[in-house]
Each structure stands twice: as C-alpha cells, then as structure tokens.
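The stops below are given in the order in which to select them.

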Amino acid sequence: MAKVLMRASLVAVSLVWVLAAQTVLAAEVKRYVVEGSRAAELDSCVEPTERMRRMHFEFIKHQRISTVHEGIRGTKYSLAGCVECHISYEEQQPQPIDRPDQFCGACHAYAAVDLNCFDCHASVPNGGGLDAEAQAAHRAAGVEKLVQSGRNGEGH
Amino acid sequence: MTDKTDRAENEIDSGRRDFIGVAAGMTAAVVAPGVLLHTVAAAPRSEPVTSDVRWGLLVDTAKCADGCSACVEACNDENGLNLQTPPEGEPDRKWDAQKAVWIRKVKLQDNQTGRVTNLPMMCQHCEHPPCVDVCPTGASFKRADGIVMVDRHLCIGCRYCMMACPYKARSFIHQDTTDQLTSVPRGKGCVESCNLCVHRRDYGEASTACVDACAAEGHHAIVFGDLKDPNSAINQKLKEIPSRQIREDLQLNTGVRYSGV
C-alpha cells in the first residue's frame with residue numbers, strides 16, 4: 001500500500017514539474033503582439049505563430065511580386081493586412097506600427113533587423129481611395145478568401 | 001363539350017400562368033440581391049492580369065475646360081500626392097518644378113490661328129514604352145493589361161526613364177514621405193507616374209479618379225475603358241470621333257488618345 005502511495009505521489013510531483021517547465025518556456029518567448037490590437041484577440045496569424053515568426057518576410061516578399069506585377073490582391077499574405085490587424089490605438093489614434101514600442105518596430109529593434117517597408121508603405125491603416133462600402137466589401141471578401149484558401153505559402 | 005374543355009384548359013392555363021408569374025417573381029426576389037451584391041462587392045483580383053484587356057483613355061480636348069484642374073486634384077487626392085510638403089526654405093517656383101505630379105494640365109496655342117487647346121497630359125501607357133526599354137533593373141515595366149508602371153521594390157532611382165519618356169510623365173520623389181495611403185505606397189528615391197489607378201483596376205472598379213472628377217464637373221472630357229473590347233465605351237467613342245496619339249511619329253502606340261489636337 002505504501003509502495004502504491006509512494007509511486008502515485010512521485011507521478012504527481014513529476015507531472016507538476018513538467019507543467020511548470022512548460023509555463024516557464026512559454027514565458028521565456030517574448031510576445032510582441034500589442035494589447036488592444038485585433039491580433040491580440042486571435043489564436044494565431046494567417047499561419048501558426050512559429051511559422052510566422054520565421055517566415056513572414058518570405059511570405060510578403062513573394063506576395064509583393066504577384067501583387068505589383070500580376071495585380072493579385074486577394075492573397076492571405078499582405079502587408080496592409082499585417083498593419084490592419086496589428087495596429088494599436090491610443091485615444092483612438094492609430095500608432096505607427098514601425099515605432100519601437102509597436103508590433104513590427106519592437107521585434108525588429110530586438111532582432112536588430114532594419115525595417116524599411118514603411119519608408120513607402122503606410123504604417124497606419126490609411127484608406128483614402130476606396131469608399132467605406134467598397135472597403136467593407138473587400139474586407140469581407142478577403143476574409144472569405146482566407147478561410148477558403150488552402151495555400152501554404154510555398155506554392156508561388 | 002369542346003367549349004367546356006377549352007374553358008377548363010384555359011382555367012388551368014391561367015392558374016399555371018399565375019403560378020409561373022409568382023414563381024418568377026420569387027426567384028427574382030431571391031436572386032436579385034445576390035446579383036446586386038455581386039456587382040457592388042467586386043472581390044479583389046485573385047488571378048493574374050491577362051492581355052485580354054488593354055486599359056486606355058480617350059481625351060476629348062473640345063470638352064476640356066480652360067482653368068479647370070479637377071482631374072489633377074482628383075489624381076493628387078486619390079494617390080496621396082497632395083500630402084507632399086516642400087522642403088524648408090524652398091522657393092515656390094522650384095517646388096512647383098520638383099514636386100511629383102501624375103497629371104499636368106497643358107495649354108496649346110496655335111500661333112497662326114490663335115486657337116487654344118487644353119488637355120491633361122499623363123503617362124500615355126505606350127505599347128512599346130521607352131521607359132521600360134531603358135530601365136536597368138526591370139523596375140519600369142508594362143503589366144499584361146497594358147498599364148505601364150514602376151515596381152518601387154526594384155527602382156533604384158536612376159531616373160533614366162524620366163529622360164527617356166517623350167511625354168515628361170514621370171516624377172521623382174526627392175524626400176522622405178509620411179502619411180502615405182495604404183493603396184498607394186510611395187517613398188523617397190523612386191520614380192512614379194500615372195498607373196491608371198491600378199488599385200481600382202485590381203478591385204474591379206469601373207473608372208479612374210480623373211474620369212470620375214471630370215464627369216462630376218460636368219465636362220465628360222475623359223473616357224476610360226478597354227481598348228481591346230469592341231463594345232467598350234472608349235472604343236465606341238474612338239469609332240465615332242477623330243483622335244490621334246501624341247507624338248505618333250515615335251510609333252509607341254499609346255494607350256491614351258486625344259481628339260481635337
């Protein structure tokens with residue numbers, strides 16, 4: 001009986017350790033998603049988080065060619081999409097995403113990688129051109145596309 | 001007897017007719033919103049552009065009013081060009097010559113007759129664009145649907161294309177830019193020009209900012225459309241009124257045509 005009790009308690013202790021170790025691991029990985037952005041409410045980006053961390057530039061680098069040269073705007077990878085979802089607001093003013101305390105800026109500062117997308121691209125969602133109705137329609141269509149799309153980002 | 005049968009059949013027929021009428025009405029009611037929704041919510045393009053279409057403009061200079069700059073302002077607004085600010089201490093004259101413009105209003109006068117012609121001058125979207133010929137990096141390119149544009153990811157800012165263009169259509173961005181529009185990324189060190197509102201093309205919209213503005217002013221001097229579609233508004237107009245290409249001696253086969261010059 002004592003032996004059984006002993007074994008059970010050992011198993012319990014080891015289980016606790018395993019769980020604790022996992023929590024520590026999770027805490028060690030820095031999180032740059034800014035609270036209050038739409039992205040903070042989602043489980044993952046258009047790809048699993050790990051994949052996005054390593055591959056996000058690959059995704060948008062290929063996407064930019066298909067957009068500029070082939071006019072394809074309905075892909076799930078899009079810099080405008082990054083900005084749209086990861087932007088955070090202070091007093092209802094969108095904060096430029098390349099600023100060192102914002103999503104793109106903070107991680108790029110940590111990794112010491114130059115970020116020059118926003119020399120040309122808008123660092124806050126800045127609609128202009130299309131009217132609100134059309135934008136809403138496109139967004140709806142874009143999300144629909146994202147759900148249907150089975151592409152894994154390597155086929156193009 | 002026969003009369004009776006006929007009447008009976010007629011009754012059946014009218015009943016059937018009513019039913020078909022109702023059914024058609026119901027179908028229309030169910031389908032119509034879908035059709036409308038489809039036309040309004042044109043989805044962003046998901047297939048590569050093809051050479052089945054060639055976008056172009058037709059400018060009727062007889063309708064282009066002196067002193068009106070609605071198209072220029074609409075273009076500036078659409079593409080965020082009105083967000084440019086002059087560098088500190090730059091004299092107005094120099095700034096006017098240096099700032100990026102995609103459309104210029106040009107006034108021509110025939111000195112012998114005194115006849116004055118106004119026209120908007122922008123990238124002519126040549127079939128054989130000299131700017132593409134001279135570009136050392138492939139940044140200046142012609143899209144399959146005939147739009148001549150700059151891939152700013154590849155542009156090194158050498159400005160050969162500006163030299164090569166017979167229409168003075170291209171501009172260079174000399175300074176850091178801020179507050180760009182999401183649909184029109186633009187930044188220091190790149191050349192740019194009219195791209196026939198390419199973002200509108202990719203979202204399936206019907207016309208360009210300049211065409212809309214000209215129509216809103218009541219001039220209707222610019223027509224936008226597909227040069228390859230024989231039924232398009234632009235082709236109907238081209239068939240109807242005399243038009244020409246500017247510097248047609250260069251044989252560039254421009255996509256922007258003018259009438260009355």
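## Strand S1 of chain B

Start with S1(B): B:Trp55, B:Leu57 and B:Val59 point to one side, B:Gly56, B:Leu58 and B:Asp60 to the other, and all are buried. Buried here stands for 20 or more other C-beta atoms within 10 Å of the residue's own, exposed for 12 or fewer, and partly exposed for anything in between, with C-beta atoms placed from the backbone. Helices (H or I, at least four residues) and strands (E, at least two) are DSSP runs, numbered from the N terminus. In a regular strand the side chains alternate between the two faces of the sheet.

This is a predicted model, in which local features need pLDDT of at least 70 and side-chain atom pairs count only at pLDDT 80 or more, while totals for chains, interfaces and linings use all residues. Residues are numbered from 1 along each chain as its sequence is written, and chains are lettered from A and ligands numbered from 1 in the order in which they are written.

Next, show the strands beside S1(B). S8(B) runs antiparallel to S1(B) and is joined to it by five bridges; S9(B) runs parallel, with four bridges. Strands count as paired if DSSP finds at least two bridges between them. Select B:Val59: its bridge partner in S8(B) is B:Ile222, and in S9(B) it stands opposite B:Tyr258.

Move to H7(B), residues 209-216, where six of the eight residues are buried. These are B:Ala209, B:Cys210, B:Val211, B:Asp212, B:Ala213 and B:Cys214. Their cover includes helix H2 (70-79), strand S3 (116-121) and strand S8 (222-226) of chain B. Just after the helix, B:Gly218 has a positive phi of about 90°.

Which residues is B:Ile103 in contact with, leaving aside its neighbours within four places in sequence? They are B:Cys71, B:Val72, B:Cys75, B:Pro120, B:Met122, B:Cys194 and B:Cys210, a contact being two C-beta atoms, placed from the backbone, within 7 Å.

## Confidence

Finally, colour by pLDDT, the predictor's confidence in each residue from 0 to 100. Chain B has a mean of 88, but residues 32-41 of chain B are below 50.
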